[in-house]
Amino acid sequence: MADTLESTTFEPEPAGPVRVPALGPVGMLRWAWRQLTSMRTALLLLFLLALASVPGSLLPQRGVNPIAVSDYKAANPGVSPWLDRFSFFDVYASPWFAATYLLLFISLVGCVLPRTGQHWRAMRGQPPAAPRNLSRLPVATSFETSESPEAVLERAERSLRGSRFRVVTGDGWVASEKGYLRETGNLIFHFSLVVLLIGVAWGSLGGVKGVALVVEGEGFANTVTQYDQVTPGLAYDLGSLAPFSFTLDDFRATYEAGPVQTGAARTFEADLTVIDEPGATPRQVTVQVNKPLNVEGFKVFLVGHGYAPTFTVRDARGRVVFDQPVPCLPQDGNFTSQCVIKVPDARPTQLGFTGFFFPTVIDGGGPVSYFPGAENPEVYLNAWSGDLGLDDGISRSVYTLDTEKLAAVKAKASDGAPLVVPLKPGQTFTLPDGLGSITFSGLQEWTTLSVARDPGKELALVGAVGAILGLLLTLFIRRRRVWVRATSGADGATVVEVAGLAKNEASGVEADVDALVLALAPTRTSEPEPNDRESDLRE
């Protein structure tokens, strides 16, 4: 009678909860440091820095052209307050840009320094000994020769040294390695990025940037009061501004007048009379686009231009209370420009004018500019009288007119419509109610100049050149190893094994192995036999 065995299932006892030891404050700091200094984090921060620079390229910046910022805010009143709140008009001085910049700097330094030590030890070390089974390497071949193993290894050593491999010999083998400069180039690239960041930071901290609008015939002295806007670095003392000055003698702009691209800008030039320091002999300089004025470590660039009609205003008593050019801000590509005139000295009431200047008006075509050059200039103004609000101690822009306490001057014999004053050069318009008169007495041009001192630009240039050179070394130098083993076979012939290993794809190690086999070929008695793995890879 057979015994019946009942199957029994053994249930493992449930395991208790796995307890993971807490990192603690020190462990968390180490983990955060490893994450920050990883190459992946450095690349991510570099991408974020490039992404953060996009608004600085698409939107006008206060440090470069504050007038363009004012125009953008006037044209986009809905979104501009939000852009201003998040510093999109001062991208490179914003806290979030500085934070990304600083984290990238720390990440690069923490990443590169340990790798530099490892690479230094690798460069001073020897190539690794030949593996036991060379046939298992991706690129390997073998053949037989009548030469002795010692002669084969000596010939292989000479050939590899002639190809600038670093060579080490052992018992029956030769090991070689080449391409250390690939990692050197990689480190140079990352060190150059650090140098570039230091140069940019040095220029930002120890430099100064300012913008000034200068009308033809007027001068500029490098003092704080002469700037429309000045932005010093945290480590720069505005009291140490170089004492140079210049006068804008003439500004010239030319435009395409042909049937194609009519009105497209062609050239911009400004003739300056420069005095490098008080008492120095004046010199004549012509500033062009990308050809700035260099003086005392400062560079003066052309960044904008426009028209400045000259107006002469007489008040009700016949006195000349205003006689100067008025910079008008361009509103389109044909330089239709907005003008604001404030006459606080007029009596018995202050006067103000707003309107538009048109460089080229076609007769009978209405107040529209058809060309940016001043071929047929005309201005259309509205007149205001009352309190300009200049005596209340509140700073106000010269390019806007607060009409809260002003009354629009009405045209006579009208239904109360505001007065429109059309003027061509040389014409005078008499205001109604004995308020005075205004004359369009001349036309000049103005240019916006960016004055900057950047002490870190040379260091940034060195970093940029170093980064390019390091990148070239990384791209064109290949890291690879080649081994040769020679042993005596059973029939008295010498069995030669040659193998190569690369640390990156498309390394050319196959060509190195083939060249070495050819160098050992004179006494070869059998054809090289590639291993199956090499054949598969080549297929």
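**Pockets up close**

**View 1. What lines the largest pocket.** By class, 23 nonpolar, 11 polar and six charged residues make up the lining of the largest pocket. Here Ala, Val, Leu, Ile, Met, Phe, Trp, Tyr, Cys and Pro count as nonpolar, Asp, Glu, Lys and Arg as charged, and the others, Gly among them, as polar. This is a predicted model, where local features need pLDDT of at least 70 and side-chain atom pairs pLDDT 80 or more, while totals for chains, interfaces and linings use all residues. Residues are numbered from 1 along each chain as its sequence is written, and side-chain values use heavy atoms, with hydrogens and water left out.

**View 2. Inside the largest pocket.** The space here comes to about 1,200 Å³. Of its 40 lining residues, Tyr92, Ala93, Val200, Ser204 and Lys209 are the closest to the centre. A pocket is an open set of points on a 1 Å grid over the protein atoms alone where a 1.4 Å probe fits, with protein on both sides within 12 Å along at least five of seven lines; lining residues have an atom within 4 Å of a point. Volume is the space filled by probe spheres set on the points, which are joined across faces, edges and corners.

**View 3. α8 at the largest pocket.** α8 brings nine residues, the largest share of the lining. Helices (H or I, at least four residues) and strands (E, at least two) are DSSP runs, numbered from the N terminus.

**View 4. The second largest pocket.** About 430 Å³ of space lies here. Gln324, Pro325, Val326, Pro327 and Val398 sit closest to the centre, out of 19 lining residues. β14 (337-343) gives the most, five residues.
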